[in-house]
Amino acid sequence: MKCLRQGNKPMAYEKFSKKELILRDELAIERTRLAEERTYLAYIRTGMTVAMGGIFFVGYFKEGIFSYVGYFALLVGAVFFAYGFYKHKKTMGLLKRIVGSLHLPKMK
C-alpha cells in the first residue's frame with residue numbers, strides 16, 4: 001500500500017488494507033467530503049457578505065474614514081474567497097489521495 005503521510009505523522013487509514021475496510025469506513029470518507037464542501041460554501045458565503053458590506057460602505061459614504069472601511073471590507077472578502085478556495089483544493093486533494101490508496105470507488 002502506498003504510504004500517505006501528512007508531515008511526519010502517518011495518516012489514519014494508512015494501517016488498513018482494502019480487505020479490512022467496511023461500509024462504515026467508506027461512509028466516513030463520504031461524510032468528510034460533504035463536511036468539506038459545507039466548509040467551502042461557508043467561506044464563500046462569508047466572503048460575499050463581507051464584500052457586500054464593503055460595497056455598501058464605499059457606495060454610501062463617498063468620502064471619509066467609512067469609505068476606507070468599505071475598501072478594507074472588500075479586501076477581507078477577497079481574502080476569504082481565496083483562502084476558502086485554497087483550503088478546499090488542498091483538502092479535496094488529500095481525500096482523493098486517501099481514496100486512491102485504499103482502492104475505493106473514485107470520488108467525483
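Reader: Which residues of α1 are buried?

Author: This is a predicted model, so read burial from computed accessibility, with buried meaning under 20% relative accessible area. In α1, the buried residues are D25, A28, I29, R33, E36, Y43, G47, A51 and G54.

Reader: How much of the protein counts as buried?

Author: The protein has 108 residues, and 24% of them count as buried.

Reader: Where is confidence highest, and where is it lowest?

Author: Look at the mean pLDDT by element. Helix α1 has the highest confidence, at 90. Strand β1, residues 5-6, has the lowest, at a mean of 53. For the protein, the mean pLDDT is 81. A value of 70 or more is reached by 73% of its residues.

Reader: What span should α1 have, and how far apart are its end C-alpha atoms?

Author: Count 1.5 Å a residue. The 38 residues of α1 should then span 56 Å. The end C-alpha atoms lie 55 Å apart, which agrees.

Reader: Now the side chains. How many salt bridges does a search of the whole structure find?

Author: The search finds two. Take E30 and R33 to begin with. Their side chains meet in a salt bridge at 2.4 Å, N to O. R33 also forms a salt bridge with E37, where the closest N and O atoms are 2.5 Å apart.

Reader: Why do residues three or four places apart in an α-helix point the same way?

Author: The general idea is helical geometry. An α-helix has 3.6 residues a turn, so residues three or four places apart point the same way. Now this case. E30 and R33 are three residues apart in α1, so about one helical turn separates them. R33 and E37 are four residues apart in α1, again about one helical turn.

Reader: Is R33 buried or exposed?

Author: Check the percentage against the cut-off. R33 has a relative accessible area of 17%, so it is buried. Now its partners. E30 is partly exposed, at 32%. E37 is partly exposed as well, at 29%.

Reader: What polar contact joins the side chains of R33 and E37?

Author: A polar contact of 2.5 Å joins these two side chains.

Reader: Sequence distance and spatial distance can tell separate stories. How far apart are M92 and R33 in each?

Author: Compare the two numbers. M92 and R33 are 59 residues apart in sequence. In space they are 7.4 Å apart, C-alpha to C-alpha. R33 is in helix α1, and M92 lies in helix α2.

Key:
Residues numbered from 1 in each chain as written. Predicted model: local features only at pLDDT ≥ 70, side-chain atom pairs only at ≥ 80, totals over all residues. Heavy atoms only, no water. Helix = DSSP H or I, 4+ residues; strand = E, 2+ residues; numbered from the N terminus. pLDDT = per-residue confidence, 0-100. Buried < 20%, exposed > 50% of the residue type's maximum accessible area, 1.4 Å probe, protein only. Polar contact = N/O pair within 3.5 Å; in protein donor to acceptor, adjacent residues only side chain to side chain. Expected span 1.5 Å × (residues − 1). Salt bridge = Lys/Arg side-chain N within 4 Å of Asp/Glu carboxyl O.
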